Amino acid sequence: MSRNAVEWKQTPSFPESHYVDTRIYTEEDIFLDEQRKIFNKCWIIACHESEIPNAYDYRTFSHPGGPPLIVIRGEDMKVRTFYNICPHRGNTLLYEPVGNAKRITCIFHAWSFNATGDCIDISRGKEGYQDRFGCKDAGLREVKTELGFGGFVWVNVDDESCTLKEYIGEAMGMLDEHLDQPLEVFHYHKAIVNTNYKLWHDTNSEFYHDYMHYFNRITGMIQPGYFDRKYTGYPNGHASVGSMAIKYDAYEGSKARGVGWPGLAPGGWVLIDIFPGMTYNLRTSVLRMDTAIPLGPNKLLIEFRGLGLKSDTPEQRAERIRDHNMIWGPFGRNLHEDLLGVHGQGLAMRERTDSRWVIHGREENMTIHDEGGMRHFYAEWSRRMGRKAYDPYGEQAVAAK
Amino acid sequence: MDTRTAITELIHRSGLIMDERDFKGYLDLCAPDYQYRITAYSPEIRKDMTWLEHDKAGMKSLFENLHRHNSDKSPISRHINVCLVDIDEAAEEASVTSTIEVFRTTLDGGETELFAVGKLYDTVTLGHDGPALRSRNVRLDTRLLGYGYHIPF
């Protein structure tokens with residue numbers, strides 16, 4: 001039976017943890033709050049170490065909390081991160097996504113910095129500042145940086161944050177043993193979609209949407225073991241999904257993967273969601289890493305990386321690339337469908353469309369079509385934000401009084 | 001029709017026929033050993049990338065599976081301009097370089113947006129039955145393709 005306006009807006013008949021108010025996806029003030037309380041407090045992946053292999057190699061990164069960053073490898077081969085902002089007049093220091101810079105010189109007034117963030121030259125410094133201000137006062141703003149969990153470069157703009165290891169906790173347990181060899185990024189692309197970052201992370205956090213994917217239905221959903229996969233939640237909002245054996249040759253034109261992954265059973269598939277918007281997706285022969293970089297409440301940039309082993313032979317690498325592209329490239333069978341899904345949510349959840357609730361109410365003993373992974377995420381989101389995901393403005397709490 | 005004109009027409013026809021989603025018609029333009037690739041360069045990882053690669057059988061199964069997938073239904077329009085035709089009479093083969101712009105027209109209202117630009121690097125085999133596509137590399141300058149697409153350019 002269809003519902004009238006009152007019924008449409010009625011609070012869902014689920015526990016409060018099993019639905020959210022759609023305004024958490026659309027409101028500017030909530031987004032700004034997320035930048036302050038979530039993105040500027042959490043560890044975020046900026047790039048992979050293989051993207052800056054040599055001394056002085058750098059990679060620019062637009063941090064989801066706001067600051068533009070430079071990740072740079074020093075002469076000592078240590079990776080450090082700095083704001084990509086000149087301390088003189090606030091200009092951008094490095095414009096290109098990658099490069100090699102022994103000396104970082106601002107194009108505006110030629111102030112120069114080294115790869116450890118020290119200011120090494122202020123043009124006509126003595127003449128202009130006399131002894132009031134010098135290089136010692138003009139170092140770059142350094143950001144906490146750690147390498148880990150597959151060689152990714154993690155950054156945290158909160159100087160008071162815990163360590164990366166403490167932040168991740170036990171969440172990477174299912175992948176730890178598979179990430180002990182050096183990895184290399186062979187595929188990179190990004191997409192901008194008019195949707196909220198949480199909706200993308202939601203999609204990575206549930207498998208009920210396998211109904212959308214013909215490839216996954218054929219190679220996974222109808223195969224033995226599919227409904228045995230279980231979600232596990234970890235502190236700080238992370239979650240993992242257990243493995244199963246994918247039957248790739250069930251899809252016409254596909255075939256069983258010849259190149260596997262160290263320690264992973266043939267056809268294996270492990271997925272780990274890291275709060276607030278990163279996903280490790282190891283599927284048989286390729287590790288895919290998604291990094292969500294929200295540009296606004298309804299605008300999302302996602303970086304997609306495909307990784308293989310650094311030790312791959314050309315033949316092994318070619319096979320990994322084929323495996324990746326079959327489902328995950330911009331023309332792949334699955335990724336396009338996933339992105340269409342969240343694009344559709346973004347369309348429907350725009351301001352003033354009268355979208356009201358999103359339901360996370362499926363309970364299947366935390367197996368693959370349970371929506372517990374999302375409930376776990378929103379519990380952490382609510383804790384960090386000091387807002388209830390189901391009642392972000394406290395209206396239900398006021399009404400209850 | 002002279003050879004150069006026949007080759008130029010083949011390249012243009014390949015775009016028009018894909019715009020019509022006449023996949024069988026497209027495969028009929030291809031030699032049995034046809035190889036198709038979409039490639040791009042990523043400055044972020046400083047590498048050439050292959051984003052799609054199929055032989056003729058792979059293209060056929062891709063096309064045959066399409067109707068089972070959830071895809072963007074927006075029509076796209078491939079605008080191809082054949083620039084260079086280098087014919088090797090002895091090898092009965094030609095190398096062709098073309099520019100390509102792909103436009104996408106939205107389903108709601110028909111607004112058209114530029115989807116991608118790049119170049120086509122084609123090898124054309126010349127036989128008694130006329131020219132046929134032996135290989136195509138769609139070399140994309142555009143790397144930001146939004147939610148992507150299921151049908152090759």
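Start in chain A, in the loop between helix H9 (335-348) and strand E19 (357-359), where you'll find Arg352(A). Bear in mind that this is a predicted model. Arg352(A) is not a glycine, yet its phi is positive, about 70 degrees. Its relative accessible area is 80%, so Arg352(A) is exposed.

Asp354(A) has a relative accessible area of 38%, so we call it partly exposed. Why point these out? Because most residues other than glycine have a negative phi, and most peptide bonds are trans.

On to the peptide bonds. Phe275(A) and Pro276(A) are joined by a cis one, with omega about 5 degrees. Pro276(A) is in the loop between strand E15 (269-274) and strand E16 (278-283) of chain A.

Next, charge. On the surface there is a negative patch, formed by Glu170(A), Asp176(A), Glu177(A) and Asp180(A). Take Glu177(A): it lies in the chain A loop between helix H5 (173-176) and strand E12 (183-193). Glu177(A) is exposed, because its relative accessibility is 53% and the cut-off for exposed is over 50%.

Now the salt bridges. Over all chains, the structure holds 44. Which residue does Arg383(A) meet in a salt bridge? Glu380(A), at 2.8 Å, N to O. Arg383(A) is exposed at 54%. Glu380(A) is buried at 7%.

A second pair in chain A is Asp290(A) with Arg288(A), also 2.8 Å, N to O. Are these two buried or exposed? Both Asp290(A) and Arg288(A) are buried.

Over to chain B. Arg136(B) and Asp122(B) form a salt bridge, with their closest N and O atoms 2.7 Å apart. Arg136(B) is in strand E6 (residues 130-140) and Asp122(B) in strand E5 (residues 112-127), so this pair ties together parts 14 residues apart in sequence. Arg136(B) is buried, at 4% relative accessible area. Asp122(B) is buried as well, at 2%.

Back in chain A, there is a network. Asp29(A), Asp33(A), Arg36(A), Lys37(A) and Arg387(A) are joined by salt bridges that share partners.

Last, confidence. Chain B has a mean pLDDT of 96, and 100% of its residues reach 70 or more. For the complex, the predictor gives an ipTM of 0.95 and a pTM of 0.96.

Key:
Residues numbered from 1 in each chain as written. Chains lettered and ligands numbered in written order. Predicted model: local features only at pLDDT ≥ 70, side-chain atom pairs only at ≥ 80, totals over all residues. Heavy atoms only, no water. Patch = residues over 30% accessible without salt bridge, like charges linked within 9 Å, V, L, I, M, F, W, Y side chains within 5 Å. Areas by Shrake-Rupley, 256 points an atom, 1.4 Å probe, with all protein chains shown as cover. Salt bridge = Lys/Arg side-chain N within 4 Å of Asp/Glu carboxyl O. Lys, Arg positive; Asp, Glu negative; His and termini not counted. Charge placed at Lys NZ, Arg CZ, Asp CG, Glu CD. Helix = DSSP H or I, 4+ residues; strand = E, 2+ residues; numbered from the N terminus. Buried < 20%, exposed > 50% of the residue type's maximum accessible area, 1.4 Å probe, protein only. pLDDT = per-residue confidence, 0-100.
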